[in-house]
Amino acid sequence: KDIPNTLMKKKDWPTGGTSDDTSLTILTLLSLEKSEPTVVSGNFLNLLRIESEKLRGLGPTTRAALGLTVKEFELRSIGLTNGAMMRTALLGLIYSDREERVRIVRALAESTHINFAVEKAIELSDLFASEEKLFMKSEWQPPSSGVSNEAQETFAAVLYVSERSQSIIDAMRISCSLGGDTDTVAALSAALVASRAIQPEVVFDIPWLAEVDWNGIPGMRKAVENAFGVMIQA
């Protein structure tokens, strides 16, 4: 597909507005005030409840956790979606000690998700922390119907995109070409490509960067400070 290198308008969505992927990642980083896993997961759930009315595009698992309406066809996917993996992936760059990282990721993931969705969250955070991301290979092939929001398929799609990307923009464009849950695949694969530093590009060179509604991402500065604080302590 020919994916234009520009932000496009979407029905019922503000131009330049970010999705729940950004918001939930910010809330996760803000929850890292303490190192005790139960405290971290409790912090996340409290922040989620406080900010719930401001969050756009929430998936069925997060809506269920908040007691919000879930459509009948979404019921079978509750707890098995890619939300936990999305919001905890960057913890692989923050916690250098795997045992500690697994405890934190598991606690955060299990606050909303179950089974393989939790395990995939741990696996992806491990990948972000590992040099193996330089040598990834993927035999997965994208379905014609687009990538679902199911954790295992999203994980496979992220590996597929990252293997084929030499830059952040590559990852975003390939992700969009797959269809389906493109924002999650793009966010994770672009972050993974950026973290492995293959032909790094200056982020300010992204042509549509100025069109992003940065004012719509409250707490970003504090979230970054929290992340750096944890890294320094480790």
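P142 touches Y160 and L178, leaving out residues up to four places away in sequence; a touch, or contact, means heavy atoms within 4.5 Å. P142 lies in the loop between α7 and α8 (151-163). Helices here are DSSP runs of H or I with at least four residues, numbered from the N terminus. The model is predicted: local features need pLDDT of at least 70, side-chain atom pairs count only at pLDDT 80 or more, and totals for chains, interfaces and linings use all residues. Residues are numbered from 1 along each chain as its sequence is written, and side-chain values use heavy atoms, with hydrogens and water left out.

- P142 is partly exposed, with a relative accessible area of 26%. Buried means under 20% relative accessible area, exposed means over 50%, and partly exposed is in between (1.4 Å probe, protein chains only).
- P142 and A156 are 14 residues apart in sequence. Their C-alpha atoms are 8.8 Å apart in space.
- A65 sits in helix α3. Its relative accessibility is 37%, so A65 counts as partly exposed.
- A65 and L48 are 17 residues apart along the chain. Their C-alpha atoms are separated by 9.4 Å.

**Helix α1 and D21**

- Helix α1 is mostly covered, with ten of its eleven residues buried. Among them are D20, D21, S23, L24 and T25.
- D21 is found in helix α1, which spans residues 20-30.
- D21 is buried yet has no salt bridge. A salt bridge is a side-chain nitrogen of Lys or Arg within 4 Å of a carboxyl oxygen of Asp or Glu.
- The nearest side chain of opposite charge to D21 is R87, 8.9 Å away. For charge, Lys and Arg count as positive and Asp and Glu as negative; His and the chain ends are not counted.
- The side chains of D21 and T184 are joined by a polar contact of 2.8 Å. A polar contact is a pair of N or O atoms within 3.5 Å; within protein, one must be able to donate a hydrogen and the other to accept it, and residues adjacent in sequence count only if both atoms are side-chain atoms.
- Leaving aside neighbours within four places in sequence, D21 is in contact with M86, D183 and T184.

**Salt bridges**

- The structure holds nine salt bridges.
- E74 forms a salt bridge with R63, with the closest N and O atoms 2.3 Å apart. The pair links distant parts of the chain, eleven residues apart: E74 is in the loop between α3 (60-65) and α4 (83-88), and R63 is in helix α3.
- Both ends of that pair are covered. E74 counts as buried at 12% relative accessibility, and R63 counts as buried at 16%.
- R101 forms a salt bridge with D126, with the closest N and O atoms 2.9 Å apart. This pair also links distant parts of the chain, 25 residues apart: R101 is in helix α6 (residues 98-110) and D126 is in helix α7 (residues 115-129).
- R101 is buried, with a relative accessible area of 4%. D126 counts as buried at 17% relative accessibility.
- The side chains of R106 and E110 meet in a salt bridge of 3.8 Å, N to O. R106 and E110 are four residues apart in helix α6, so about one helical turn separates them.
- An α-helix has 3.6 residues a turn, so residues three or four places apart point the same way.
- R106 is partly exposed at 29% relative accessible area. E110 is partly exposed at 46%.
- Salt bridges that share partners join R98, R101 and D126 into one network.

**Surface patch and backbone**

- W214, M220, V224, F228 and M231 make a nonpolar surface patch of about 460 Å². Patches are made of residues with over 30% relative accessible area and no salt bridge: like charges are joined within 9 Å, and nonpolar side chains (Val, Leu, Ile, Met, Phe, Trp, Tyr) within 5 Å. Accessible areas come from the Shrake-Rupley method with a 1.4 Å probe; for residues, only the protein chains shown count as cover.
- M220 is found in helix α11, residues 220-233. M220 is partly exposed, with a relative accessible area of 32%.
- N115 has phi near 50°, a positive value in a residue other than glycine. N115 is in helix α7 and counts as exposed at 55% relative accessibility.

Technical notes: Helices (H or I, at least four residues) and strands (E, at least two) are DSSP runs, numbered from the N terminus.
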